[in-house]
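Visitor: I have a structure to look through with you. Can we go over the side chains, rings included?
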Amino acid sequence: MSFSIERYKEESKKLDTTGIDWDAVTEHPLSKGDLFCLHYMMDIENHVPLYLSHLLVTRACMDPILTAFLACWNYEELWHGENLGKLLNLYGIEFDTQDRIAKVRANLGFQNSVSILTTMAGSWLLKDFSAVYLTIGAINELTTLTGYGALIRKSGHPVLKDLLGRIIKDERRHFAFYYNSAKEWLADNPAAQRMDRWMLDRFWVPVGKGVKNQEEVDALAVYLFDDEQGEEELLDIDAKIGKLPGLAGIKLMSGALYEARERVRANPHWAWRLIDNEGWAVAAPRHSPVGQLTTRKAQAGGAGVGAFEGD
Ligand SMILES: [Fe+2]
Ligand SMILES: [Fe+2]
């Protein structure tokens, strides 16, 4: 697995959806579990710009190769979220994408600012901060593409399969960048290896946690991975990450599944009740009304939010 930043810059583009049979979206059913996962995945894809805002305050961004990658990566991720939302809308689930994204962000509240500040401080205090960030990037991209593969398998929905198959190709390239960059940083650098491992063992959380709560993270894990093949795939993720210098034998994703299983064992309704009750709506924020945060107000008739056309 190799990665060339020059080639990536040349080839990076908006997800090509030419030929996707959007008209057939309603011809095949999606289960409540499929729909739960799609909302989760869409929200996390749409969260990338905020995740990026954390990175842009760290010294990882002194590296021009990294910033070139992030510029293209952020744009590609935008179209993943957009197209997952499009599929859900076509399936008949009504929501305004801009309104949903704004609500998700408003609900993060103060915690988001604290998180930016601690990331910033951590990066300037720790010389090898980039190693941690790059390793987490690799785990997140690999988990994401593995999750999309699992959802293709679970749903058996042909249009979703076509869409996710195309997104997976982007995620593979993202994984290659993060993985190779992490490997390069960690190679022959025992101090970075020690810190990377220490941080991952204590602070790593599955992709989406923070935006989503523990029960939502567990719902995704048990729906997609709580079978033989799913568990195998998570062990494969751990094995791949374990090949990075200093991370031999690390157990992150499989550990997250086992912990989710424990919580379901203790309370059989845990996680599954979210899926059964179609718990994918995003609550209106208690503080910070969305209109105030975005300076845009939804207009009567549905237009308005996000409508920049013709400006
Ligand atoms: Fe993505
Ligand atoms: Fe990605």
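Visitor: Which lysine lies over the face of tryptophan 79?
Guide: Lysine 14 does, at 4.3 Å from the ring centre. Keep in mind that this is a predicted model.

Visitor: And what lies over the face of tyrosine 223?
Guide: Lysine 154, at 5.9 Å from the ring centre.

Visitor: Ok, ring against ring now. How many aromatic pairs are there?
Guide: A search of the whole structure gives 14. One to look at is tyrosine 133 with tyrosine 178: the ring centres are 5.8 Å apart and the planes stand at 90°, so this pair is edge-to-face.

Visitor: Where do those two tyrosines sit in the chain?
Guide: Tyrosine 133 is in helix α6 (residues 129–155) and tyrosine 178 is in helix α7 (residues 158–186).

Visitor: What about tryptophan 198 and phenylalanine 203?
Guide: Their ring centres are 5.9 Å apart with the planes at 65°, so that pair is edge-to-face too. Phenylalanine 203 is exposed, with a relative accessible area of 54%, while tryptophan 198 counts as partly exposed at 44%.

Visitor: Switching topic: how many residues are in the largest nonpolar core?
Guide: It has 85. Those with the most contacts inside it include Leu70, Leu84, Tyr133 and Tyr178.

Visitor: What is leucine 84 in contact with?
Guide: Leaving out neighbours within four places in sequence, leucine 84 touches Leu38, Met41, Met42, Glu45, Tyr148, Leu163, Leu164 and Ile167.

Notes: Residues numbered from 1 in each chain as written. Chains lettered and ligands numbered in written order. Predicted model: local features only at pLDDT ≥ 70, side-chain atom pairs only at ≥ 80, totals over all residues. Heavy atoms only, no water. Core = buried A, V, L, I, M, F, W, Y, C linked by side-chain atoms within 4.5 Å. Buried < 20%, exposed > 50% of the residue type's maximum accessible area, 1.4 Å probe, protein only. Contact = heavy atoms within 4.5 Å. Phe/Tyr/Trp six-rings, centres within 6.5 Å; stacked < 30°, edge-to-face > 60°. Helix = DSSP H or I, 4+ residues; strand = E, 2+ residues; numbered from the N terminus. Lys NZ or Arg CZ within 6 Å of the ring centre and 35° of its normal.
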